[in-house]
Amino acid sequence: MFYLSYLRSELLRRKGRTILTLLGLALGIALVIVITALSHGLDRAQKTALNPLSSIGTDLTVTVKPEGVGGGAFANRTVSTDLSKLGKAGQHFSYDIFSSGSQTTFAQSQAKSVSSIPGVAKIATGLTLTATHQEGKVPKITALFKTGGQQLRVSGQVKPLSAASLAKMAKCMAKLEKSRAPTTTTTNATHGGLQPSQNGSPTASPIAKGSGPIQACMPAGVRRFSKTITVPRQTLKKQVRTPQTNIKTSSYTIGGVDTSRTDMGLITPAQVTSGRFLAKKGGREALVAGAYASSHKLKLGSTLALNRTKFKVVGIVQAPLGGQSADVYVPLQQLQTLSGQKSQINVVLVRATKGAAVGAVQKEIEKTFPSAQVASSKQVADQVSGSLVDASNLAKSLGLALSIIVIAMAFMMAALLTLSSVAKRVREIGTLRALGWTRRLVIRQIAGESLLQGVAGGVIGVAIGIAAAAAIDAFGPTLTASSTAAGSDQAVLPGAFVMGQGLARTTTSQVALRAPVAGSIILIGFALALLGGLLAGAVGALRAARLRPADALRQVE
Amino acid sequence: MTSTPALYELRGATRFFQLGDSTIKAVDGVDLSLDAEEFVAIEGPSGSGKTTLLQLLGALDRPSSGKVFFEGRDLGTLGDSELAELRLRSFGFIFQQFNLLSTLTALQNVEAGLAPFGIASAELRERSLAALSEVGLRERAFHLPGQLSGGEQQRVAIARALSGEPRVVLADEPTGNLDSKSGADVIALLTNLASKHGITIIVATHDAGLAAQAPRRLAMHDGCLVADGGKSARSNKRGSR
Ligand SMILES: Nc1ncnc2c1ncn2[C@@H]1O[C@H](COP(=O)(O)OP(=O)(O)O)[C@@H](O)[C@H]1O
Ligand SMILES: [Mg+2]
């Protein structure tokens, strides 16, 4: 076929121009594919990570501020634990303490009044608690008090000595010191069965048993008192400094999920990445956030013991970021029982009848319940930060614009190149017309060239695009998204082991940058290249068709 | 003579060009009658309207006023595709710049002139090679124009113009870009082939030597036909009547 061989000759023998057009189109298409794939990937990541509330079917979360001065009163509360009740010394112990943190709990029944507010489609309830987990070996603390401790106590019960008797006693002691200076330290060592603690209290009085030179210095009342009073044997509690033990303290968040519904809640089946959602009847099952699972070596089927209640891990979840996200999820009733908060909740999730109603519903809830803190999905999403957010914002604001610019530039380049080639070929076109070529034939030839370049550019562009997307998949950076919970949940720890915990809780989720290339993108990319080729062809052909053969032939090169 | 129409019949053929305020009369009221199998030279200085007249004769342009009849058909009334058909079947063009398609080989250039006939590829090639053989360039069939000398390029153009077996070959300064030797060769080739195939040749030239070879010489000045050697007087008379 002559026309095809002409077309081939034209494209092959004007290599520079052809390659330029092809590359322009191909790069444009490739860029569009990569940008689309990237924003697609970011979109996906964003749906789970950046839109915390809507991913769990919720428009608003309602929590209740603690009464009094902000969250401080609650946040600084400490809980004491009787160490002696942990078990025998050396025994392994593990327990969890639950606290509501900065979200006051309230009766589950109160949530009903939220659902009657106009514009509220449905509500779900939940209980989000901060848990402190401790485990280790029971330290030998009680032993400290069992031998000879009574006498320590006894001295504490003596009435304060008068200044005169104190001065007299000091004088006597000074004299005594002088006479036996080199052996002072032995007193402590020989003293009773008292085991010196590591942090041995220097104030522990070295009062000797029975008679001794020191006793001689004491006022008569004291001497007599210690001789006559027998303190009954008892186990005493005393706060001592933390012994060096292997006790580990960690803090995590736990959410009580209303398992009767799956369309909305603290977590929904949509967030389950492996395994399954909690059973409807709400047994001793738990869902664990991916990050928590990997750091605590939990797998599907693992057992999670919370205060000796064993929960089976049935699912790993990618928890939505935000104030109400938790590391561990158990059925609401189970958590209520565990934490001793029967029928109590501290969060109500609200879905509005329609998107436009959200603002009004939020205002209405705030008005009806002055102590309520209402967070909208936008507010929660706004709290999420990190590179994923930056990338996503960039993709959102730039992705489409960039795609359009890139493709427009590629089209323009193809069209301009075709135009310039037509301009350079005016005499050639005139010659063809003189040879008896119809207008239609000339247009077909010129447009055919552009179309072929579009096809080739599309194929190359799609190939480059897929390769680039695959490269991003393989070597792409990991993006992070973090959210700092609205309230500052201070960890609440047992008295003996109080240690500072982070005030604000930050959840971070890591998302590998992915660029999934959908078949539709490939088709669109190819169609775009064809369109570009056609556009360029049409522009060129139109220009060629307008030429009158006589004028075309007069064109000097 | 009156029973069959003349090859060409021009009556007051005029072609204006509007350039701003001024009107250029490139061809100004030409009356002319040409019979088949003539070898006609159109002489005249540069800008006298030779090219424009050839374009009117070759259906590359339409007259602004007046009539151009080819074989009795008024070219001014024909549509685009009919004109294209005429150019394909009845006219062959030869240009001063050769006007070969630079990306195509000698063979492909000849094929380009035959392609719109819609003949099969094999026949197309065969006829094109035959045409190249006639101009003695068979062995250069696969050379690109850039690899050929000016004389060779013009011979390819002649092969292309003649391959479609036209009634008329319109040559606009065919030797203008050639040295005298190859120019003479080209003209000899052209006239030989034309007489062999019974083709009318109309050559526009300002080369007096070339014009002298023509049995009929027309002279143009400022768009007007000023002299007609041979049968032209009769034609002129008839036209001005
Ligand atoms: N397309 C055009 N537009 C304006 N003027 C033109 C055009 N074509 C030809 N002319 C003018 O018409 C006149 C005749 O030109 P042309 O036929 O090329 O003469 P020749 O071929 O004898 O040199 C010249 O003055 C030329 O400038
Ligand atoms: Mg001229």
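Select B:Gly151, B:Gln154, B:Arg155, B:Ile158 and B:Leu162 in H5(B); they meet B:Ser182, B:Val186, B:Leu189, B:Leu190 and B:Leu193 in H6(B), where contact means heavy atoms within 4.5 Å. These contact residues divide into six nonpolar, three polar and one charged (Ala, Val, Leu, Ile, Met, Phe, Trp, Tyr, Cys and Pro count as nonpolar, Asp, Glu, Lys and Arg as charged, the others, Gly among them, as polar).

The model is predicted: local features need pLDDT of at least 70, side-chain atom pairs pLDDT 80 or more, while totals for chains, interfaces and linings use all residues. Residues are numbered from 1 along each chain as its sequence is written, chains are lettered from A and ligands numbered from 1 in written order, and side-chain values use heavy atoms, without hydrogens and water.

Next, display the whole of H5 (residues 150-163) and H6 (residues 180-197) of chain B, whose axes come within 10 Å and cross at roughly 15°. H5(B) is therefore roughly parallel to H6(B) (angles under 35 degrees).

Move to H3 (residues 106-114) and H4 (residues 121-134) of chain B, which pack at about 115° with their axes 9 Å apart. Among the residues meeting there are B:Val110 and B:Leu114 in H3(B) and B:Leu124 and B:Leu132 in H4(B).

Finally, show both chains. Their contact takes 26 residues from chain A and 29 residues from chain B. Two salt bridges are counted between chain A and chain B (a side-chain nitrogen of Lys or Arg within 4 Å of a carboxyl oxygen of Asp or Glu). Select A:Arg548 and B:Asp61, which form a salt bridge with the closest N and O atoms 2.6 Å apart.

Definitions and conventions: Axes fitted to C-alpha atoms, helices over the stretch in contact; angles between N-to-C directions. Helix = DSSP H or I, 4+ residues; strand = E, 2+ residues; numbered from the N terminus. Parallel < 35°, antiparallel > 145°, perpendicular 65-115°, else oblique.
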